[in-house]
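Here's a quick briefing to keep beside you while you turn the model around. Have the sequence and the 3D view open, and go through the topics below in order.

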Amino acid sequence: MADTQQVDPKAERKAAKLAHQISTFAASHGGAEGQVAYIGERGARIALVGEDGEWGNLVAPTLEIAERAVEKAGITVHESFDGEFAAKVKTGPYEWKRMAGIQIGG
């Protein structure tokens, strides 16, 4: 039986572009792990944490494209951003200042 599922070429190109960005991040940081979260109309956020503790985010137009991108990139994907995964994030003075500023209305 033939696979009749249609592949949207535009969505596949976007997933491939995001996968390339994820792979580039991973190569620059000794590997990477990620977490995909639906963010409403804007799509889905792909949070990345490198083995060196550096982190970054990408936004995909849909949850399906984000999930396809991390699958293509071959990284470990976590269900949530907590526990051991969150502890891998390295924060510096900038992040601590921003977090404190948000708490005190800055």
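Let's start in a loop: Thr 62 is found between E3 and H2, with helices (H or I, at least four residues) and strands (E, at least two) taken as DSSP runs and numbered from the N terminus. This is a predicted model, where local features need pLDDT of at least 70 and side-chain atom pairs count only at pLDDT 80 or more, while totals for chains, interfaces and linings use all residues. Residues are numbered from 1 along each chain as its sequence is written, and side-chain values use heavy atoms, leaving out hydrogens and water.

**Around Thr 62**

- Thr 62 is partly exposed, at a relative accessible area of 29%; buried means under 20%, exposed over 50%, and partly exposed in between (1.4 Å probe, protein chains only).
- Leaving aside neighbours within four places in sequence, Thr 62 is in contact with Gly 43 and Ala 44, where contact means heavy atoms within 4.5 Å.
- Tyr 38 is 24 residues away from Thr 62 in sequence, and the two sit 8.0 Å apart in space, C-alpha to C-alpha.

**The overall picture**

- The protein has four helices and four strands, and reading along the sequence gives you α-β-β-β-α-β-α-α.
- Of its 106 residues, 30% count as buried.
- Take the contacts with a separation of 6 or more: residues 24 or more positions apart account for 55% of them.
- The accessible surface comes to about 7,300 Å², and 53% of that belongs to carbon and sulfur atoms; the areas come from the Shrake-Rupley method with a 1.4 Å probe, and for residues only the protein chains shown count as cover.

**The nonpolar core**

- In soluble globular proteins, nonpolar side chains tend to be buried together.
- Here the largest nonpolar core has 19 residues, and Ile 22, Ile 46 and Leu 48 have the most contacts inside it. (A nonpolar core is a set of buried Ala, Val, Leu, Ile, Met, Phe, Trp, Tyr and Cys residues joined through side-chain atoms within 4.5 Å.)
- At least two residues of this core come from each of helix H1 (9-28), strand E1 (32-38), strand E2 (44-50), strand E3 (55-60) and helix H2 (63-73).
- H1 gives the most to this core, with six residues.
- Want to see what Ile 46 touches? Neighbours within four places aside, Ile 46 is in contact with Ile 22, Gln 35, Val 36, Gly 56, Asn 57, Leu 58, Ala 66, Ala 69 and Val 70.

**Helix H1**

- H1 has 20 residues and reaches 29 Å from its first C-alpha to its last, close to the 28 Å expected at 1.5 Å a residue (the expected span being 1.5 Å times one less than the number of residues).
- Ala 15, Leu 18, Ala 19, Ile 22, Phe 25 and Ala 26 are the buried residues to look for in H1.
- These residues cover an arc of only 120° around the axis, so they are on the same side of H1; the arc is that of the directions from the helix axis to the C-beta atoms.
- The cover over the buried residues of H1 includes E1, E2, E3 and H2.
- Ala 27 has a relative accessible area of 68%, and its C-alpha is 9.9 Å from that of Glu 51, 24 residues apart along the chain.

**Helix H2**

- Buried in H2 are Ile 65, Ala 66, Ala 69, Val 70 and Ala 73.
- Their arc around the axis is only 130°, which puts them on the same side of H2.
- H1, E1, E2, E3 and strand E4 (76-78) are among what covers the buried residues of H2.
- Glu 64 and Glu 71 are exposed on the face of H2 turned away from its buried side.
- Just after H2, Gly 74 takes a positive phi of about 75°.

**One aromatic pair**

- The count comes to one aromatic pair, under a rule that pairs rings of Phe, Tyr and Trp (its six-membered ring) if their centres lie within 6.5 Å, with planes under 30 degrees apart counted as stacked, over 60 as edge-to-face and the rest as tilted.
- The rings of Phe 81 and Phe 85 have centres 4.8 Å apart and planes at 65°, so this pair is edge-to-face.
- Phe 81 is partly exposed at 33% relative accessible area, whereas Phe 85 is buried at 3%.
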